[in-house]
Amino acid sequence: GSIVSESVWGAGKGGPWTRYHMTKLSNAAFCMELHRRCKAKGLGIEAMAADPGICTSNLFETASQDDGRASRRLSKLLLGQGHSAENGSLEAAMAAFSPNAVSGDFYAPQKKSKGIPIKVFEAGEAKNPRKERLTMSRNNQTNVWEWSEEALGIQFEV
């Protein structure tokens with residue numbers, strides 16, 4: 001599998017939830033590419049990523065408003081599996097402030113959708129390579145980097 005350019009930038013098939021998933025995947029892949037490039041040049045810049053899991057915010061309501069009844073039902077079901085919007089910031093806080101955080105770390109909830117933050121990547125290496133194969137894909141990492149440059153009309157100098 002790979003990230004499809006049209007899906008990443010919102011013009012692809014699959015509706016808002018597919019695009020939402022693809023942007024989360026793109027953020028993680030971009031972070032791993034930034035980590036790799038900074039490390040290769042010995043810049044000492046640290047790049048970390050965080051996935052908040054499922055949070056009880058209004059995202060589900062607003063994203064599913066025009067996406068049909070099934071999407072609204074799914075949204076209500078998923079909200080019961082998530083944690084509070086406030087606790088959704090824990091993964092980002094761990095990446096930013098933990099003394100154990102290093103470049104290439106990626107924090108996510110322990111129970112996938114909620115729970116204490118854990119490292120799913122450590123120093124750019126996936127703890128469960130099979131599960132994280134799309135984020136680990138060099139093709140995905142390079143593509144999202146290049147698509148970001150193209151979308152912004154700039155070259156990232158690292």
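A: What follows concerns helix 2 (residues 15-40) and the parts of the protein around it.

The model is predicted: local features require pLDDT of at least 70 and side-chain atom pairs count only at pLDDT 80 or more, while totals for chains, interfaces and linings use all residues. Residues are numbered from 1 along each chain as its sequence is written, and side-chain values use heavy atoms, with hydrogens and water left out.

The protein has seven helices and six strands; these are DSSP runs numbered from the N terminus, with helices being H or I of at least four residues and strands being E of at least two. The order from the N terminus is α-α-β-β-α-α-β-α-β-β-β-α-α. Of the 158 residues, 35% are buried, where buried means under 20% relative accessible area, exposed over 50% and partly exposed in between, with a 1.4 Å probe and protein chains only.

His35 is part of helix 2. Its relative accessible area is 8%, so His35 counts as buried. The side chain of His35 reaches the backbone nitrogen of Gly104 at 3.3 Å. Leaving out residues up to four places away in sequence, His35 touches Ala47, Ser103, Gly104, Ala123 and Gly124; contact here means heavy atoms within 4.5 Å.

Ala47 also belongs to the largest nonpolar core, which has ten residues: Ala28, Cys31, Met32, Ala47, Ala49, Phe106, Ala108, Val120, Phe121 and Ala126. Such a core is a set of buried Ala, Val, Leu, Ile, Met, Phe, Trp, Tyr and Cys residues joined through side-chain atoms within 4.5 Å. At least two of the residues in this core come from each of helix 2, strand 4 (106-109) and strand 5 (117-122). Helix 2 gives the largest share, three residues. Cys31, with the same exclusion of residues up to four places away in sequence, touches Ala47, Met48 and Ala49.

Strand 4 and strand 5 run antiparallel and are joined by four bridges, and Pro109 has Pro117 of strand 5 as its bridge partner.

The segment after helix 7 includes Val158. Val158 is in contact with Leu34, Arg37, Cys38, Lys41, Leu43 and Trp145, neighbours within four places in sequence being set aside. Val158 and Cys38 are 120 residues apart along the chain, yet their C-alpha atoms are separated by 6.4 Å. Val158 has a relative accessibility of 24% and therefore counts as partly exposed.

Trp145, one of those contacts, is among the buried residues of helix 7, which also include Asn140, Gln141, Val144 and Trp147. Helix 7 is followed by Gly153, whose phi is positive, near 70°.

Definitions and conventions. A polar contact is a pair of N or O atoms within 3.5 Å; within protein, one must be able to donate a hydrogen and the other to accept it, and residues adjacent in sequence count only if both atoms are side-chain atoms. Two strands pair if DSSP finds at least two bridges between them.
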